[in-house]
Amino acid sequence: MSSLTSCDKQQDTAQQNKSASETKYPLGEKAPDLRVTEVSFNEHIQPILSEACYHCHGPDSGSREPGGPISKDDGQPLRLDQEKYAFEKRKNGKPVIIPGNPDDSLLIQLMESDDPDLVMPLHPTRSPHGTILDPEKISLVRQWIKEGANYEPHWAYITPKKHPLPKVAHSDWAKNNPIDRFIAARFENRGLKPNPEENSARLIRRLYFDLTGLPPTLEDLDEILNDTRDFDTVYGETVNKLLKTDSYAEHWTRHWLDVARYADTHGYQLDNYRSVWPYRDWVINAFKNNIPFDQFTREQIAGDMIPKAKIEQVIATGFNRCLPTNGEAGSIEEEYHVIYAQERVNTTSTVWLGLTAGCAACHDHKFDAISMKENYQLTAFFRNTPMTALDKHASDHPPNVRIMTDADRSKSEKLTLQISKLEKQLTSHRKKNIDTFKKWYDANRKDLKQPAGKDTKSISKLLKATSPTSRQMTQLRDYYFSKINSEGSTLSQKLAPLRKESKKINDRSPTTLVMQENEGKEAFAHTLQRGDYTARLERVTANTPAMLPSMSNLPKNRLGLAKWITSPENPLPARVTVNRYWYYIFGEGIVSTTGDFGVMGARPTHPKLLDWLAADFVEHNWDLHHLLRTIVTSKTYRQSSSISKEKQHIDPSNKWLARAPRYRLDAEQIRDMALQASGLLHHKIGGPPVKPYQPKGIWSVISMKKSNTGLYNTGSGGDLYRRSLYTFWKRTAAPPSMEIFNAPDRTTSCVKREITNTPLQAFVLMNDTQYVEASRNIAQRAMQKADTPGKIINHIARLIISRPMRESEIKVVQSTYNDALKEFTATPEEASKLIKVGNSDADPKLPAAQLAAWTIVANQILNMDETLNK
Amino acid sequence: MNGHDIGKAIGLHETELNRRQFFAKNAMGLGSAALASLLPPELMGAISDGSEMTAHFPARAKRVIYISLIGAPSQFETFDYKPQIQKDFKKDIKSFLQDSGQRLTGMTAKQSNFPVARSFTDFKQYGEGGTWISDILPWHGKMADDICVIKSMHTDAINHVPANNMMFTGNMIPGQASMGSWLSYGLGSLNKDLPTFCVLHAKHSSPFSNVQAISSKYWTSSFLPGKHAGIHLRTQGNPVLYLKDAPGISRKIRRKMLDGLSSLNQETLENVGDREIQTRIQQYEMAYRMQMSVPELTDMSKESEETYQLYGPDSKKNGSFAYCAMMARRLVERGVRFTQIFHRGWDQHGNLPRDLSSQCKDVDQPCYALIQDLKQRGLLDDTLVIFAGEFGRTVYSQGKLSDTNYGRDHHPRAFSIWMAGAGVKGGMSYGETDEYSFNIITPDQKVHVRDLHATILERCGIDHHKLSFRNQGLDQKLTGVEPSRVVTDILDHSHMAKH
């Protein structure tokens, strides 16, 4: 078995890549005035050392180099990533870094050496991974040593706190919201000014998409825009209103489903259906009730272990059951136990800790202080479970829970009692009367002396068997005691309806996959050589990495892990979470590597803002509403997104946010927008996944015959128009119209989506039944409400882009309409084909050619770049 | 002109520019090739005279066709001739297996004995190279001197899904970028009207074959930019999803609608200044062109009767392997970089004689035809063709062994594949296994899946050490972190590809 994760031994390209993006200022972007008055280890030195030195002198004990003369007397190799090792005396009696004295420090001497055989890092002629360090960087290291060579812990491992708000020139602009102070401070020293506020209609559209994933309805839009009160007040009220909607809960659930790698199938081989949607509904409820994020976290990691756990808390643990599982015959259990535990560690550490722990599956982490042993200690938390590795392709692969209404539950409990009582009676009756069975058996062997019934034939056959098997005998006994023996048949007749009723309740009560702990057992795992499940090294017990605050008294199990993650001492989860929320709103994180806060991850563009948001989040009891409200009411958020030539020049990537970001909506937002604008959206919350339109053959062409998701049976009625988070997600063939718009495949946890711009996206929006039908319904709504072409155009535009069109735009659209109308009038059969697309009926009162032509217009506006962007 | 100046000239975004700087700085020549993939071809023409299209090495292959035999064909009945198994028929090799330390799958681990299954088919030597080929692949015999059979392939995985992940993405765990998307990323496009990486699903004809599922993970771009993902050209319905205009929409109306859309977007571009709008305008135009080019591609009516005869009787059936092989040639002709044909049904745990024969019949003549067709059209010289399953099969029978019937379980330590074209030496057999095709006995000729990947990249002019992409803090590569090598012994270095 090869490595579990592909981490690179040879970091040359990575480092140069990094240096290219971090030390060179993008074209046209002025190098900011960052003359260094005092060198900070975290800001200036660690990036240089991690890039140039850590590969051989860093956390990985496996690749650490002795460095010949600079090894210690005991041969210990040099390690530069931690203060306690960096100042150790070497063979020559001196440490390589002598604080205050760069000239005497071997580190500087080697960095500055002209001799290609001596220089550090290794000269490119000596190693394919060699590199030549920038003189500016060497001089920073020199200055750092001169100033005392102070080490600091990695920035992300220092507990975040609220730094004083910076003083800014745009004090009026930034007066109400701390975010704006931090943002202004960074763009001002680059000579940037903020954009003016976005046009109100556009801003409201942006806000609706960000908070609810849907555009505003025309009623909402009119109400807000016609409100004569101060706009800030109206805006603030709108924010509060939206945070309380079901749409908000659904939208943020959808983000979370990416994180949780939620899907409706197992993901391997047969890729059968899996019932875990009640977990999805739990997430919706959690957002609906705005439960604090720390509680949200704990319940998902260990809800089953909370004392006197409610069923909802158990359902929450579906998070760790969303991973792909295998049922392939012949698979080796242990191999999959290893894979699953590692997958859960990778997911947990990416989502809450911003750590790429998976790197340490095969070797000590190259850059972050996680040893291989610590990785396996983390996997131990997830291995203490009775869950089998192979899922047998079952939708309810145990452990699971069955979810019932309160009435059903009490009914079911009663039934269970009654059934078990009767079953006991029947069993004891059978035992006592076994002789009567034997008599009957002997008497009837030759000829069954019973009135003919539906079983007669098969029973006669069983009776005549010369040497009946024990199974056949059991069948006969069952038959005798349910049909012949009078008390037995009375009991059986009593049982039958109870069992039927119980089955009925079970059938209407879904199951969902959950976590379960082995009671009273210690959680342990083995370290594995290069991640190979057959190559066990030492046995380790569950624990968290030493570089982070210790678990101290917490139990060493999943519940302990959940509490440890959300403890106030843990510096990571709050930062990682607010950063991900920032990314959801701004399209880019303050730390752009939203799943990697380690040494090799990106550094925050606004470290103090990130700390402030994290500290504020925890102060406010992990309240997501508070966090979102703070972000979307900021001036930074409310800016217009237009890009002046000057800003394009100074800040092409919008790192400094002197304008609002502009980027494409997510797959689900685009589809849901079309449904909302067309009035087709079916507002129903939760329940089993649904199957909207999908081209033929997507499932069948890749599925195994035995798979129960081999054929896609398109749904009907409202199921065609539910919000996209309810669409059935088959892992090996995800919904194509979603995938084309970069919905992740849900194989692994996704904390950042890609955004592409491809011709396939054009095909979806132009030709997918869903969008053609939506376009016609949008056209239809507009024709029903408005009478002149101008009004119809604006009605369509307002449904889709929340604003009326400009004169110049109306001219273009009107011309499209005229051309289309001319053609459809000439070819009425084509018009009628177009308006028949989809399951909804066209309004028969509307002239077909006109409706078809307006459908083209609605589709044209639906395809506009402005439509697809926030 | 260096990458920086080019960027300035055309106003590239920061991130793209950095990627380019990275390539220019680290990957030597690859910079211009990767650059080519990011620029519209018309712009590329303006800044390159073509000689810059060199990568790390001179590229022998401009295009690749990868034939994936999902389920893993047995080497004993195809390319790895083992006379000893005829002699040892029914011999129980339980103790041999125990000594080998090889793990067994859950399907046969509990068998009480492990009898050697002889091959139901004979072998003959073909061509000047004397390549051993089984009688159920007669057409392969005719092209023995075109192909190089590698009998010393090996992998880490013992079950289908991880083995296929390994084969197509370089890692058993799902989530890595696929081989085709790596090549698309590294080499860029040759045809502005078609995707760079196309995937075809061929139907297998026998209803009895044991069929493994396949998943889009095998052609995903994963962390690579999405445009490098394989585009599944379907053989039923729309070849590209949603390609066909909705009912009632004529080409004329589509054109009008797109013209208007372009004006509207142009206006937004002027008002907002976001250059991504320009990309969108171009992509809608690409879509319009694909609505023409894809039907042209999939319209086989102009293929000659001789061609159909060459590919065999199945070639007129949509979706058959023969149809897909012909389609692969059409894609290659049109400059598609990487074409991958998936053919399922090669998992013969039982009834091997019946089912393997029918599987071989599906692919035998079409493979011969594809190679000859490429040769006739002068394309074989710079097109690399690979024919491979995901692992090998066991010498012992799974389940009941009779004189005429048997099955074989999975075996990762040795299997056989072939490669052809792009300077791969024809008429060659590479690597040897022991008498049970259990272990490879030519230690310096072992070819791991990673080595195969390295070799494919090398043929395309790419150094596998250098083709990398940074994702979530890791430097990702197709060949991962374990050592891998280019199998130079099978490569002809005598002349360079024409550019």
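In this predicted model, chains A and B meet through 88 residues of chain B, which are in contact with 93 residues of chain A. The elements of chain B that give two or more residues to this side include α1 (3–10), α2 (14–26), α8 (160–169), β14 (468–471) and β15 (474–477). The most comes from α10(B), with 13 residues. Sorted by type, the residues on chain B's side are 30 nonpolar, 37 polar and 21 charged.

**The two chains**

- Chain A has 36 helices and four strands, while chain B has 15 helices and 15 strands.
- Buried residues make up 49% of the 870 residues in chain A; for chain B, 60% of its 499 residues count as buried.
- If you take the contacts in chain A with a separation of 6 or more, 69% link residues 24 or more positions apart.
- For chain B, 75% of the contacts between residues at least 6 apart in sequence join residues at least 24 apart.
- The C-alpha trace of chain A spans about 110 × 85 × 50 Å along its principal axes.

**Nonpolar cores**

- Nonpolar side chains tend to be buried together in soluble globular proteins.
- Here, the largest nonpolar core has 321 residues, and I796(A), V857(A), C148(B), A325(B) and M419(B) touch the most other members.
- Helix α35 (residues 848–862) of chain A gives this core its largest share, 11 residues.
- Look at I796(A): setting aside neighbours within four places in sequence, it is in contact with I778(A), A779(A), A782(A), V857(A), A858(A) and I861(A).
- There's also a second, separate core of 20 residues, with I48(A), M120(A), I145(A) and A149(A) among them.

**Helix α8 of chain A**

- This helix runs over residues 200–212, and its 13 residues should span 18 Å at 1.5 Å a residue; the end C-alpha atoms are 18 Å apart, so the two agree.
- Since 10 of its 13 residues are buried, α8(A) is largely enclosed by the rest of the structure.
- Among the buried ones are L203(A), R205(A), R206(A), F209(A) and D210(A).

- You'll find A302(A) in helix α13 (residues 293–302) of chain A.
- A302(A) has 26 other C-beta atoms within 10 Å, so it counts as buried.
- Not counting residues up to four places away in sequence, A302(A) touches T317(A), R558(A), L559(A), L561(A) and A562(A).
- A302(A) and G595(A) are 293 residues apart along the chain, and their C-alpha atoms are separated by 22 Å.

- Most residues other than glycine have a negative phi, and most peptide bonds are trans.
- M120(A) and P121(A) are joined by a cis peptide bond, with omega about -10°, and P121(A) sits in the loop between α5 (106–112) and α6 (135–146).
- Another cis bond runs from P398(A) to P399(A), with omega near -5°; P399(A) is in the loop between α16 (372–380) and β1 (400–402).
- K392(A) is not a glycine, yet it has a positive phi of about 55°, and it lies in the loop between α16 and β1.
- H393(A), not a glycine either, has a positive phi of about 60° and lies in the loop between α16 and β1.

Definitions and conventions. Residues numbered from 1 in each chain as written. Chains lettered and ligands numbered in written order. Predicted model: local features only at pLDDT ≥ 70, side-chain atom pairs only at ≥ 80, totals over all residues. Contact = placed C-beta atoms within 7 Å. Nonpolar A, V, L, I, M, F, W, Y, C, P; charged D, E, K, R; others polar. Expected span 1.5 Å × (residues − 1). Buried ≥ 20, exposed ≤ 12 C-beta atoms within 10 Å, placed from the backbone. Core = buried A, V, L, I, M, F, W, Y, C linked by C-beta atoms within 7 Å.
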